[in-house]
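Welcome, and thanks for taking a look at this structure with us.

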Amino acid sequence: MDPDFLNSFTQPSTLDRFLAEDVIVKGEKRKLIKPTPGKNLKLEELKLFLTEWINRVLKEEHIVVKSLEEDLYDGLVLHHLLENLGSLKLDVEKIALTEEKQRQKLSVILEVVAKCLQLEESQLKWSVESILAKDLLSTLHLLVAIAKHFEPTLALPPNVQVETITIETTSRELKTSNVVEYITENKENIEAQSNDAFDELFSCSPDKCHAVKKALLQFVDQHVGKLGLNVKDIESQFSDGVILLLLIGQLEGYFLNLRNFFLTPASTMEMLHNVNLALELLAEGGLLNFPVNSEDIVNGDTKAIIRVLYCLYSKYRTKEA
C-alpha cells in the first residue's frame, strides 16, 4: 500500500470512513478531495459563495442551506433550485424519505441537468451515487455547472483547484493516484490560450488574416442583411456598437428596444454605451469568457472586434452547418 495514502488522511473521521468495510468494493474506483493539514482558502470561498447563492435563490421557499454535503444529497434542494432557476417542473415527489426514493429522485434530477447542459454521460463529473454519498467534489462540480448554465453572469470565484486522490481496489492491492483538478475555470489559462490564438492569427501572413475577416463579414452580412444593412468594413462599421447589437438580436432571437441603445450615436459616450451593452448581452448568453476593453472596439481595434465577432461566428456557424 502507498504510505502516502494513509498519511494524507489527517482527519480520523475521513480515515475511518474509507477503511470501513464495503465502502470501496473490489474493482470500484473512487475519487475524492485529498485532505490537507491546512485549509484550502479558495475552496472554502467557493463553498461559501455557492451556499449563499443557493440561499439567495431559494429565499422565498424558506429553505436554508448550511452544508453543501449534508443538505443536497437527498435531492430536495436541487429540486427547488432547478424549479426556480429554470422554471422546470420535475416529475418527482418533493420529499423523498428512504434511500431508494432519494436515489430515484436524484436520477430524474440529474437526467434533467444533463439534458439542459447538453452533456453526454462520459462528460459528467458527478453521479447519482456520488451525490447520494455526500461527495463534496461531485456536489461542487454539479453546482458550478448549474450556476454557469442558468446564471452565466454569476461571478464564481475563479481558479479554484483541489488535489484529488483516486482510490481503486484490485484483487491484490489498493491503488491510489493524485492529481490537481480545477472546479472553476482557470481564467489565466483561458485568456492566455485565447490571446495566443489571435496573436498567432495576426502574426500570420496578411492573406490569412484577410481571409478570416472576409469570412466574418460574410457571416455578419448574411444575418443583418435581413434588416437591409450591408457590412463591408470591420474597423469602421462596428465601432459604434449598432451593427453588433443588431447582429446579437438577430442571432439570439430577441428584439432590442430602441430606447435601450443609440441607433445613431452622436458621441463617443453613446458609442461606448452601445458597445458595453453588446458585451453584457454576450456575457449573459455565455458567449464571452474573456475580458474585452470596450474602448478598443470604439477605437476600431481590428483584433478586439474580430475576437468578439468570432464568439458569435463559432457558435452559429456550427448550428448552420
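Lys31 and Glu181 form a salt bridge, with their closest N and O atoms 2.8 Å apart. (A salt bridge here is a side-chain nitrogen of Lys or Arg within 4 Å of a carboxyl oxygen of Asp or Glu.) Because Lys31 lies in strand 1 (residues 29-33) and Glu181 in strand 3 (residues 174-182), the pair ties together parts that are 150 residues apart in sequence. Helices (H or I, at least four residues) and strands (E, at least two) are DSSP runs, numbered from the N terminus.

The two partners can also be described by their cover: Lys31 is partly exposed at 36% relative accessible area, while Glu181 is buried at 12%. Buried means under 20% relative accessible area, exposed over 50%, and partly exposed in between (1.4 Å probe, protein chains only).

## What the model rests on

This is a predicted model, in which local features need pLDDT of at least 70 and side-chain atom pairs count only at pLDDT 80 or more, whereas totals for chains, interfaces and linings use all residues. Residues are numbered from 1 along each chain as its sequence is written, and side-chain values use heavy atoms, with hydrogens and water left out.

The salt-bridge count comes to nine. Another of these joins the side chains of Lys34 and Glu163, at 3.7 Å from N to O. Lys34 sits in the loop between strand 1 and helix 3 (41-57) and Glu163 in strand 2 (residues 161-169), so this pair ties together parts that are 129 residues apart in sequence. Here Lys34 is buried, at 15% relative accessibility, and Glu163 is partly exposed, at 34%.

Arg103 is partly exposed, with a relative accessible area of 21%. A network of salt bridges links Glu99, Glu100, Arg103 and Glu129.

Which residues make the nonpolar surface patch? Phe255, Leu258 and Leu263 do, over about 360 Å². Patches are made of residues with over 30% relative accessible area and no salt bridge, joining like charges within 9 Å and nonpolar side chains (Val, Leu, Ile, Met, Phe, Trp, Tyr) within 5 Å. Accessible areas come from the Shrake-Rupley method with a 1.4 Å probe, and for residues only the protein chains shown count as cover.

Phe255 is located in the loop between helix 12 (242-252) and helix 13 (268-284). Phe255 is exposed, at 70% relative accessible area.
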